[in-house]
Amino acid sequence: MTTIVKAAMIRNAAAAVSAALLTVGIAQAADVSPAVMTAAQKAALQKTIETCSACHGISGRSVAPTFPNLAAQSAPYIELQLHAFKDQTRADPDAQAYMWGMASQLDDASITGLAAYFSKQSAAEGKSGNATLIAQGKQIFVEGVPGRQVPACASCHGAQAQGNGPFPRLAGQHAPYLLKQLLVIQSVLRTAPVMHGVIKDLTRDQMQAVVAYLESV
Amino acid sequence: MIGMRPIGLQQGILRLAIGLCLLSAKSWAVPSFARQTGMTCAACHTVFPELTPFGREFKLNGYVLDNIKQITGIDIDSHQTLALNSIPPISMMVQISYTHTSTALPDSALPSALAKDGDVLFPQQASFFYAGKIANELGAFIQLTYDGVADHFGIDNTDIRYAHHLSFGGMDGNSHSMILGVTLNNNPTVQDVWNSTPAWGFPFAGSSVAPGPIAGTQIDGALAQSVAGLGVYVWVDDHWYAEVSGYSAAVVGGAHPLDGTQSHVAHGLAPYWRLTYEQRWDRNSLSVGTYGINIKTHPGNGTALQGPTDQYKDVAGDIQYQFIGEDHLVTVLATYIHENQTLNASLFDQFAANATNTLRTMKLSGEYSYQRRIGGSLGYFSTTGSNDTILYAIAPVVGSANGSPDSSGYIAELNYLPWLNTKLQLQYVGYDKFNGLRTNYDGSGRNASNNNTLFGLVWVNF
């Protein structure tokens with residue numbers, strides 16, 4: 001099987017998962033639209049947004065790279081992750097340390113409201129970095145690593161890394177956060193079915209290059 | 001003058017007790033908060049009890065962030081009348097310690113004999129906590145402690161606070177953040193969220209039986225659990241903190257209403273103030289601040305709690321730097337406290353030789369931790385001030401041969417945390433100068449280095 005065919009299969013699988021996850025997300029969101037929230041629910045949502053901002057920053061643009069930027073993140077992705085924290089199916093160390101507790105009491109309306117709010121915030125600006133590393137990372141993001149059967153990241157995450165439905169926005173995200181996610185996904189501490197296959201042979205150097213690029217976008 | 005010495009010695013012993021308090025264990029992180037929030041200790045602490053930026057936010061927000069089922073009530077207008085944790089956020093702390101001083105202390109009853117060295121305290125301290133939400137926007141940190149030396153159970157550090165979070169500005173009204181809060185507490189700086197101020201400062205635990213220096217400023221623990229303070233604070237955009245509080249006497253135990261059998265009783269309302277700026281970037285945070293108190297006291301101790309007072313004006317500055325990496329964590333803490341004393345009452349009652357004195361305390365420490373598991377600290381401390389032959393009277397071990405409050409030394413610590421809520425600590429305190437001198441500081445042949453202390457601690461929170 002050629003590399004191109006494999007990459008195409010992964011893309012197709014990713015698209016199928018994307019569609020399935022989107023369906024789940026939409027089904028969950030259908031009866032709890034922010035438009036029909038009561039005043040009390042809106043006030044509670046505002047309180048929750050303020051709580052999130054303690055780590056994720058005002059308007060979802062965080063300072064410390066331990067905590068991801070949420071501003072402009074894809075709403076379906078945020079919803080999926082909050083549900084994964086709540087039902088404890090996302091179990092990497094930081095998820096357990098911070099988010100299992102934080103998400104445990106969120107109801108569907110809050111999750112939908114949070115996702116809608118953060119997805120509409122203006123994205124964090126990219127940070128400049130090592131030009132050589134960024135160029136290497138861009139090549140991996142756009143073309144993949146054919147020799148290691150790593151498909152192009154852009155095929156799911158979008159040409160500008162802007163995210164797409166359940167596939168998260170990566171542009172402008174903190175490099176240390178992204179690197180950590182790649183590592184915990186590769187070691188299956190964080191379950192992400194599509195990504196396990198995609199990055200199983202990605203080296204740490206390649207990870208560092210691609211996250212440097214993504215932080216700069 | 002000789003006739004005055006026993007009175008001065010009483011004051012000296014009081015100061016020693018204060019000194020011991022300053023060195024003893026004092027502040028903790030509590031699993032109550034983990035139970036309430038569902039988050040691990042690492043969310044709020046680098047290594048307990050030091051707070052992370054999120055830990056500071058949690059405290060400034062009134063300890064109310066909850067992620068457990070609530071028992072709620074509303075009135076007919078839909079106003080919430082109750083929001084109670086279904087599981088109370090209570091927890092316990094136990095400290096078991098071993099203290100060895102370089103040279104054994106004199107026996108308290110047998111002249112020329114030495115007390116047993118190598119003191120094990122089981123426990124040095126055991127505490128119960130209620131720490132967390134009481135109602136919406138109202139929370140508390142309440143500590144009840146059994147003291148293994150005093151064999152006494154009583155109130156310890158307590159901070160009850162109300163906090164209201166406001167967001168404003170920008171298109172969606174969320175561009176700026178402000179917390180307005182009220183604190184009711186029993187120890188100036190216990191309400192503070194930076195570890196560069198005394199109540200939660202370095203060292204976080206120490207021996208409660210080793211000799212401690214005779215002199216300490218008021219803000220540096222001398223008022224703990226003997227005053228009640230009510231204050232208001234504001235925290236703006238995660239940068240600016242400002243607080244004004246007032247403290248009055250609230251002595252625990254002894255004669256009530258307070259009378260002349262009590263000692264060091266606050267007179268009137270003492271203003272306390274705090275201003276801090278914090279900047280966060282990447283994994284770093286840096287805060288620079290100032291704080292202080294202006295307190296009048298009656299010496300008591302056999303004299304009436306009326307007439308002239310002593311006045312202490314403490315002005316302090318502090319700096320805290322934190323780096324919180326995935327594996328490496330670094331904290332640097334520094335504070336400088338300057339105290340002007342006007343001792344009208346003590347001079348009149350012959351508890352002091354001078355009408356005015358000064359004290360200056362400097363503390364500097366650095367801490368490193370690897371993966372919150374293995375770490376160490378180095379600290380330097382120094383107190384200097386004016387000589388006073390009555391206030392710092394000559395006495396074996398606890399006194400000063402030259403009437404000086406000057407003490408300085410270093411603290412070295414090794415910490416191992418097999419779990420986030422368990423700390424095994426080995427600490428060494430070395431003195432360059434103790435109560436004014438390096439050698440024969442007490443006039444009875446004891447040297448400063450004789451008080452060097454090795455301290456081992458098992459510290460568990462659950």
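The model is a predicted one, so local features are taken only at pLDDT of at least 70 and side-chain atom pairs only at pLDDT 80 or more, while totals for chains, interfaces and linings use all residues. Residues are numbered from 1 along each chain as its sequence is written, and chains are lettered from A, with ligands numbered from 1, in the order in which they are written.

Chain A has ten helices and zero strands, where helices are DSSP runs of H or I with at least four residues and strands are runs of E with at least two, numbered from the N terminus. Read from that end, the elements simply go α-α-α-α-α-α-α-α-α-α. Of the 217 residues in chain A, 47% are buried; that label needs 20 or more other C-beta atoms within 10 Å of the residue's own, with 12 or fewer counting as exposed, anything in between as partly exposed, and C-beta atoms placed from the backbone. Looking at contacts (C-beta atoms, placed from the backbone, within 7 Å), 74% of those in chain A between residues at least 6 apart in sequence join residues at least 24 apart.

Chain A is assigned two stretches, domain 1 (17–119) and domain 2 (126–216), with bounds that come from an automatic or database domain assignment. Where they touch, domain 1 of chain A puts in 20 residues and domain 2 of chain A puts in 18 residues. On the domain 1 side, helix 1 (3–29) and helix 3 (75–86) of chain A each supply at least two residues, and helix 1 of chain A gives the most, with five residues. By class, that side of domain 1 of chain A holds eleven nonpolar, seven polar and two charged residues. For these classes, Ala, Val, Leu, Ile, Met, Phe, Trp, Tyr, Cys and Pro count as nonpolar, Asp, Glu, Lys and Arg as charged, and the others, Gly among them, as polar.

Next come the cores, each being a set of buried Ala, Val, Leu, Ile, Met, Phe, Trp, Tyr and Cys residues joined through C-beta atoms within 7 Å. The largest nonpolar core has 81 residues, and those with the most contacts inside it are Leu114(A), Phe141(A), Val210(A), Val211(A), Tyr213(A) and Leu214(A). Helix 10 (residues 204–216) of chain A brings the largest share, seven residues. Leaving aside residues up to four places away in sequence, Leu114(A) touches Thr48(A), Ile49(A), Cys52(A), Ile78(A) and Leu82(A). A second, separate core of 21 residues includes Phe351(B), Ala353(B), Tyr392(B) and Ile394(B).

Helix 10 of chain A also packs against helix 6 (residues 131–143) of chain A: their axes come within 7 Å and cross at roughly 95°. Axes here are lines fitted to C-alpha atoms, for helices over the stretch in contact, with angles from 0 to 180 degrees between N-to-C directions. Among the residues making the contact are Ile140(A) and Phe141(A) of helix 6 and Val210(A) and Leu214(A) of helix 10. By class, the contact of helix 6 with helix 10 of chain A splits into ten nonpolar, five polar and one charged.

Between the chains, the contact takes 19 residues from chain B and 18 residues from chain A. On the chain B side, helix 3 (41–44), helix 4 (53–60), strand 6 (152–168) and strand 11 (270–281) give two or more residues. That side of chain B has six nonpolar, nine polar and four charged residues.

Two peptide bonds in chain B are cis: Phe48(B) to Pro49(B), with omega near 5°, and Phe202(B) to Pro203(B), with omega near 0°. Pro49(B) sits in the loop between helix 3 and helix 4 of chain B, and Pro203(B) in the one between strand 7 (176–185) and helix 5 (218–222) of chain B. Ala72(A), though not a glycine, has a positive phi of about 70°; Ala72(A) is buried, with 20 other C-beta atoms within 10 Å.

Notes. Two residues are in contact if their C-beta atoms, placed from the backbone, lie within 7 Å.
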